[in-house]
Amino acid sequence: MDLGLSGRSVLVTGASSGVGLATAAALLAEGANVAACARDKARLDVALAELPRAEKARVVTAACDVLDAESVDQFVADAAAELGGIDGVVNNAGRSLLARLAETTDEQWRAELELKIFSVLHVVRAAVPRLRRSPAASVVNVNAILARQPEPKLAATSAARAALLNLSTTLASELAPEGIRVNSVCLGLIDTGQWRRRYETSGSPLRFEEWSAELAADRGIPLGRLGTADEVAYAVLSLLSPRASYITGSSLDVGGGVARYV
Ligand SMILES: NC(=O)c1ccc[n+]([C@@H]2O[C@H](COP(=O)([O-])OP(=O)(O)OC[C@H]3O[C@@H](n4cnc5c(N)ncnc54)[C@H](OP(=O)(O)O)[C@@H]3O)[C@@H](O)[C@H]2O)c1
C-alpha cells in the first residue's frame, strides 16, 4: 500500500539513533523529506549519510537540543525554508531515568518532567504555523506504555510519560480544527541505544541476546523478546500517513503484548 508520504516533509527529533534513526530511514525509503535533529550533529550526520533513500528524498540535519526553545525555533524555521514546508512531526528525542521513588531527587523529577513535556511543546509550538498550511498535517509523539502502566524502577519517567499522554490528548483536540492530527505510539522495551548502554554497564557475562531474553521474561513480555526500532518506525509511519486521516487523539502500543490494561 502506498502510504502517501512521498514528497512530504517530516521533522524527526532525536534521529541519530534507535527509534528516531529507524523512523528517518523508513521515511526516506518512502520518498519523504526528513529534517532531523539531535544534540550531537556529527553523530547525526554520520548516521543519516549511511541511509539509502528514494531518489528525490531530501535530508536536512541540525544540532538542536529540544529543551532549548530558541534552538528549536531555528531548526524548525530552517527546515521549513529548505524543504518548502512541514507536513509531519515525530517527537522522539528523549531518554528514561532508571530510579525508584526513594532514589529519585527533586532535581531528577524536574528534569524528567521538563524533558517529556517541553521536548514536545517547543517543537509543536514552532511547527504549528507551518503544519497549518499542509493538507495532511500529522504529529506523532513517541511515548511509553509506562504512561498507563507505571514501573516502580522508573518512577519519575512513568509519571512524566503519563503527563505527556495527557498533553497529547489536549493537543489533539486543540489542533483538530486546524486540520492537524496528533497521536502517540507507546513503546514497551525496544532494542536501541538505551538498552545497549544498560547492558554494557550491567557487567553481565551473558551475550546481549541472552541478557535481553532474560529481561523480556522478567518483564513478562508475551512475545518473548524486545522489539526493534524498525517495528516502531512502521507504527509511526502508519500514523503519519494521510491514510490515517480520521485517526487523532489515539495511542498505539508497540510492546509485544506487555501492556496489562484493557
Ligand atoms: N528503547 C525503549 O525501550 C523505549 C521505551 C519507551 C520509550 N522510549 C522513548 O523512545 C524515544 C527514543 O528512544 P531510543 O530508545 O531510540 O533512544 P536512543 O537510541 O538513546 O536515541 C535517543 C535520541 O534522542 C536524541 N536526544 C536525546 N536527548 C535529546 C535532546 N534533549 N535534544 C535533542 N535530541 C536528543 C539522541 O541524540 P543526542 O544524544 O545526540 O542528542 C538520540 O538521537 C525516547 O523518547 C525514549 O524515552 C524508548
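Biologist: What classes of residue make up the shell around the ligand?

Modeller: Sort the residues by class and count each class. In this predicted model, the shell around the ligand has 14 nonpolar, twelve polar and five charged residues.

Biologist: Which residues come nearest to the ligand?

Modeller: There are 31 residues around the ligand, and Gly 14, Gly 18, Arg 39, Gly 94 and Gly 193 come nearest. The elements that give two or more residues to this shell are helix H1 (18-29), strand E2 (33-38), strand E5 (137-144) and helix H6 (193-202).

Biologist: Let us take one of those residues. Where does Gly 94 lie, and is Gly 94 buried or exposed?

Modeller: Begin with the place in the chain, then count the neighbours. Gly 94 is in the loop between strand E4 (88-91) and H4. A residue is buried if 20 or more other C-beta atoms lie within 10 Å of its own. Gly 94 has 23 C-beta neighbours inside 10 Å, so Gly 94 counts as buried.

Biologist: Which residues is Gly 94 in contact with, leaving aside its neighbours within four places in sequence?

Modeller: With those neighbours left aside, Gly 94 is in contact with Gly 14, Leu 115, Lys 116 and Ser 119. Gly 94 and Asn 143 are 49 residues apart along the chain, and their C-alpha atoms are separated by 9.6 Å.

Biologist: Now a residue in a helix. How many other C-beta atoms lie within 10 Å of Val 19?

Modeller: Val 19 lies in helix H1. There are 31 other C-beta atoms within 10 Å, so Val 19 is buried. Not counting residues up to four places away in sequence, Val 19 touches Asn 92, Val 142, Ile 190, Thr 192, Ala 229, Val 232 and Ala 233. For one of these, Asn 92, the separation from Val 19 is 73 residues in sequence and 7.5 Å in space, C-alpha to C-alpha.

Biologist: How do I read the packing of two helices? At what angle do H1 and helix H8 cross?

Modeller: Look at the distance between the axes, then the angle, then the hand of the crossing. The axes of H1 and helix H8 (residues 229-240) come within 8 Å and cross at roughly 60°, which means that H1 is oblique to H8. Their crossing is right-handed.

Biologist: Which residues of H1 and H8 meet?

Modeller: From H1 come Gly 18, Val 19, Leu 21, Ala 22, Thr 23, Ala 26 and Leu 27, and from H8 come Ala 229, Asp 230, Val 232, Ala 233, Tyr 234, Val 236 and Leu 237. By class, this contact of H1 with H8 has eleven nonpolar, two polar and one charged residues.

Biologist: What angle is found where H4 and helix H5 pack?

Modeller: H4 and helix H5 (residues 155-175) pack at about 20°, with their axes 8 Å apart. The reading is therefore that H4 is roughly parallel to H5. The crossing of H4 and H5 is right-handed. Their contact has 13 nonpolar, two polar and three charged residues.

Biologist: And how do helix H3 and helix H4 cross?

Modeller: The axes of helix H3 (residues 69-83) and helix H4 (residues 106-131) come within 9 Å and cross at roughly 30°. H3 is therefore roughly parallel to H4. H3 passes H4 in a right-handed crossing. The residues of this contact divide into seven nonpolar, one polar and two charged.

Biologist: One last residue. Where is Ala 57, and is Ala 57 buried or exposed?

Modeller: Ala 57 is in the loop between helix H2 (41-49) and strand E3 (59-63). Ala 57 has 20 C-beta neighbours inside 10 Å and so counts as buried. Apart from neighbours within four places in sequence, Ala 57 is in contact with Leu 28, Gly 31, Ala 32 and Asn 33. Ala 57 and Gly 7 are 50 residues apart in sequence and 7.1 Å apart in space, C-alpha to C-alpha.

Conventions
Residues are numbered from 1 along each chain as its sequence is written. This is a predicted model: local features need pLDDT of at least 70, side-chain atom pairs count only at pLDDT 80 or more; totals for chains, interfaces and linings use all residues. A residue is near a molecule or strand if its C-beta atom, placed from the backbone, lies within 6 Å of it. Helices (H or I, at least four residues) and strands (E, at least two) are DSSP runs, numbered from the N terminus. Ala, Val, Leu, Ile, Met, Phe, Trp, Tyr, Cys and Pro count as nonpolar, Asp, Glu, Lys and Arg as charged, and the others, Gly among them, as polar. Axes are lines fitted to C-alpha atoms, for helices over the stretch in contact, and angles run from 0 to 180 degrees between N-to-C directions. Angles under 35 degrees count as roughly parallel, over 145 as roughly antiparallel, 65 to 115 as roughly perpendicular and the rest as oblique. A crossing is left-handed if the near helix is turned anticlockwise from the far one by less than a right angle, and right-handed if clockwise. A residue is buried if 20 or more other C-beta atoms lie within 10 Å of its own, exposed if 12 or fewer, and partly exposed in between; C-beta atoms are placed from the backbone. Two residues are in contact if their C-beta atoms, placed from the backbone, lie within 7 Å.
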